[in-house]
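Hi,

Here is the structure I promised to send over. Have a look at it first, and then read on for what turned up in it.

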Number of protein chains: 2
Amino acid sequence: MAEAARHDKTARQLRLLSDALDSGRLGPVRRLVNTLSPAEIGNLLESLPHDKRMVVWGLVDPEDDGEVLVHVGDEVREGLIADMDPDELVAAVEDLDIDDLADLVEDLPDTVIDEILKSMDRDNRERLEQALSYEEDTAGRLMNPDVVTVRADTTVDVVLRFLRLRGELPEHTDHLYVVNRRHQLMGWVALQDLVTRDTGTPINQLIDDSLTALHVSESAQEVARQFSDHDWVSAPVVDDGNVLRGRITIDDVVDIIREQAEHQALGAAGLDEDEDLFSPIRRAVRGRVVWLGVNLLTAFMAAFVIGRFEATIEQIVALAVLMPIVAGIGGNAAVQVLTLMVRGLALGQVGPSNAGILLWKELRVALINGLLIGALVGAVALAWFHDWVLSLVIGAALVINFSCAALAGVLVPLLLRRMRIDPAVAGTVVVTAVTDVIGFFSFLGLATVILLR
Amino acid sequence: MAEAARHDKTARQLRLLSDALDSGRLGPVRRLVNTLSPAEIGNLLESLPHDKRMVVWGLVDPEDDGEVLVHVGDEVREGLIADMDPDELVAAVEDLDIDDLADLVEDLPDTVIDEILKSMDRDNRERLEQALSYEEDTAGRLMNPDVVTVRADTTVDVVLRFLRLRGELPEHTDHLYVVNRRHQLMGWVALQDLVTRDTGTPINQLIDDSLTALHVSESAQEVARQFSDHDWVSAPVVDDGNVLRGRITIDDVVDIIREQAEHQALGAAGLDEDEDLFSPIRRAVRGRVVWLGVNLLTAFMAAFVIGRFEATIEQIVALAVLMPIVAGIGGNAAVQVLTLMVRGLALGQVGPSNAGILLWKELRVALINGLLIGALVGAVALAWFHDWVLSLVIGAALVINFSCAALAGVLVPLLLRRMRIDPAVAGTVVVTAVTDVIGFFSFLGLATVILLR
């Protein structure tokens, strides 16, 4: 994909804003900020270092404060909330949709939560409590209880009159839900049908009951998958009794998909997808040093393996020169296989039924790549150290390490998953530990056996 | 996010299908497959090895063939197309929407393209040619020319009568576009307003002209960003003269967002996001060996640096044991910074206006992490080799390598970007080359100067 023109607009806004901030003229900054949507303001705040971020946050139209909070990562959000006094916070969030409010609640101070609950009418309070009773990252938490329902035994004309009386519809309403007296979902009617079909058409002729509704306990990932598999704009959510509880809209699903994909990219480097670009130093250190510590453990394992062969290295120093090649390239090969597997697992494309075939494929690929790279490295080693046995040893070690890389790349993510550890986060450390240890051991071990006979 | 329950449904379908395929009873397979949406069938095909994939592909309802082709990755698609004869292909794709057809065209044999063009009416042929005249990954290529337009000088009542005469609306129609005689875009009217406002309301009172339309040349990334910043379901696309050319819908944008995010995860391992899990061996080898070759080059650079210090290693073998730690952990630290930067660049959050501040932050984080990890490694080295000067040397080398890791992590992606090289793909190789070279050089260099005085 072309990298060049990407997000020119954001970059331009950022530059304009930065210049205006530096010049200290806050009037233009305020005007600029308040032409943006809440999501854009959120993005902008995330791209500013702490002090400028707080200046800009103070200039955001109070009406947008709540929506902006919904659109920033957890870490940035905490910082923004810490900067507001309780009254401001209550004013900012009390008009949010229930699903957004439920999403924010855990980041709010208890006093603010009490205030908000007090300021709500009973209906909304019950809805919020209902939403919070579902686990995070489930359809129940993501849904908005605000839905428009109609009965089956009526006509397009009657429904249209009802809608004109009702006035505005919730955002992204593309379907009306047909329910019975017990509020159980019977099906839905497309808004499109209401404007294209004859006004006398009975609603029950327009009901689409072929689609399955989402269940309150379904995971966010499953929700996202269903939306993209069926090209939905919104979908109804029901409970065990098929009672309509709310609806989920595509804008929230887009956020889930984004987070899910970022999770693979950032998780592989031991980062949290909510990490703030401008985290305070202390927090950034804490976030990263744990991961580095885990990697350090595996580095010591590798060092320990090398340590067992000190005597060999003392006699043939060339081994010390060449050994990082065997370990390093093996690691690269393993990470390639792992990355494909992690994506396959996330998409549900890899399971027990095809893991064997995948392993067999990857082993063959590894064997060929091992022979190619092994021959190349062997040739360079021969030219460098003029020792054809050493060349054979490094070539053989590479073939061995490539095979182990394929094994680890396929099996480690499956194993981690069975142990309920996220392979997107833990996979890289484990597979590179394997290729480091096997790489050093096979190369130095073969050298000891063959070269030091 | 919870990993456990993810995509249970897909995995279950896969197992059922796999069992049915193994038993050779194709009737149940056919029934199972044809209960799925085209996107689900695409996902399923991608998760099957080549021979089973072809069996299932033959069982897909011919009516769905075209949509399924749209929903699979490039590599899998080529395989499926190769399996169809020209007549089948023409039948499969001729009823696709223009934007989907434009997306497929380059993968089709020329004879099939000719056939399709011949079978189209002039209007559609012109639309397809129009679509193909825009570059790939631009709004012009993504849009569907099928739009519903109305005039401003009319009323809700008239529009509704027009819609009832017209019948079905294009999928995901949430707005009607208001154009003038020259088909220039004047604004849009929400379908919601048509069903909630009085039938006598003049359309020009309902026009929303506050939103900006997309331009045909805008990049897919920019389109995706605007959709998620504004929570759009569909958006109009105009040309230089503000003439309405088509509309883009959220389902296509979801695909872009998915691809874009996968690009970071897979690109970092030198993989193409279109790679087939079950690529033929030869193709998989070709795809991976180039990347491994590039990594091999950097491994040789590191080996060359070590080679300059053979004499030192000969005298102190402990250096050979410990040196991979310095290089390896430095690489991990650099990849963490790089990953944050690549995401920041993709979101437009990093630019010249804040790169300096980021660099300064990352340098401080690196210094602290370097001191922490350096002290830890120094202590272990002391316990292992009982040489406190060696401990100091490795500690100092780690601090140096962490600092260089931060420098490389921040500057390399910015530099690559300026050189129009995608940092998501090339970043890892370059930064680990830096930390390998600096790691070995600083450790062995310091050891030579201090330990071998």
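Please keep in mind that this is a predicted model. I started with the axis between the copies: B:Ala265 is the residue of chain B that comes closest to the rotation axis, with its C-alpha at 2.2 Å. Chain B is superposed on chain A by a rotation of 180 degrees with 0.0 Å of shift along that axis, and the RMSD is 0.1 Å. This is how a two-fold axis relates its copies. The interface fits in with that: 100% of the interface residues of chain B are also interface residues in chain A, so the copies meet through the same surface.

Within chain A, the domain assignment gives domain 1 (10-137), domain 2 (149-250) and domain 3 (281-451). The centres of domain 1 and domain 2 of chain A, taken over C-alpha atoms, are 31 Å apart.

UniProt, in an unreviewed entry, lists "domain: CBS" for residues 143-206 and 207-266 of chain A. For residues 143-206 of chain A, the end C-alpha atoms lie 25 Å apart, with 27% helix and 20% strand in the span. For residues 207-266 of chain A, the corresponding figures are 44 Å, 47% helix and 22% strand.

One helix for you to look at is H18 of chain B (residues 318-346). Its 29 residues should span 42 Å at 1.5 Å a residue, and the end C-alpha atoms are 43 Å apart, which agrees. H18(B) is mostly covered, with 26 of its 29 residues buried. Just after H18(B), B:Gly348 has a positive phi of about 75 degrees.

Happy exploring!

Technical notes: Residues numbered from 1 in each chain as written. Chains lettered and ligands numbered in written order. Predicted model: local features only at pLDDT ≥ 70, side-chain atom pairs only at ≥ 80, totals over all residues. Heavy atoms only, no water. Domains from an automatic or database assignment. Least-squares fit on C-alpha atoms with pLDDT ≥ 70 in both. Contact = heavy atoms within 4.5 Å. Helix = DSSP H or I, 4+ residues; strand = E, 2+ residues; numbered from the N terminus. Expected span 1.5 Å × (residues − 1). Buried < 20%, exposed > 50% of the residue type's maximum accessible area, 1.4 Å probe, protein only. UniProt positions renumbered as here; feature names shortened; annotations may be inferred.
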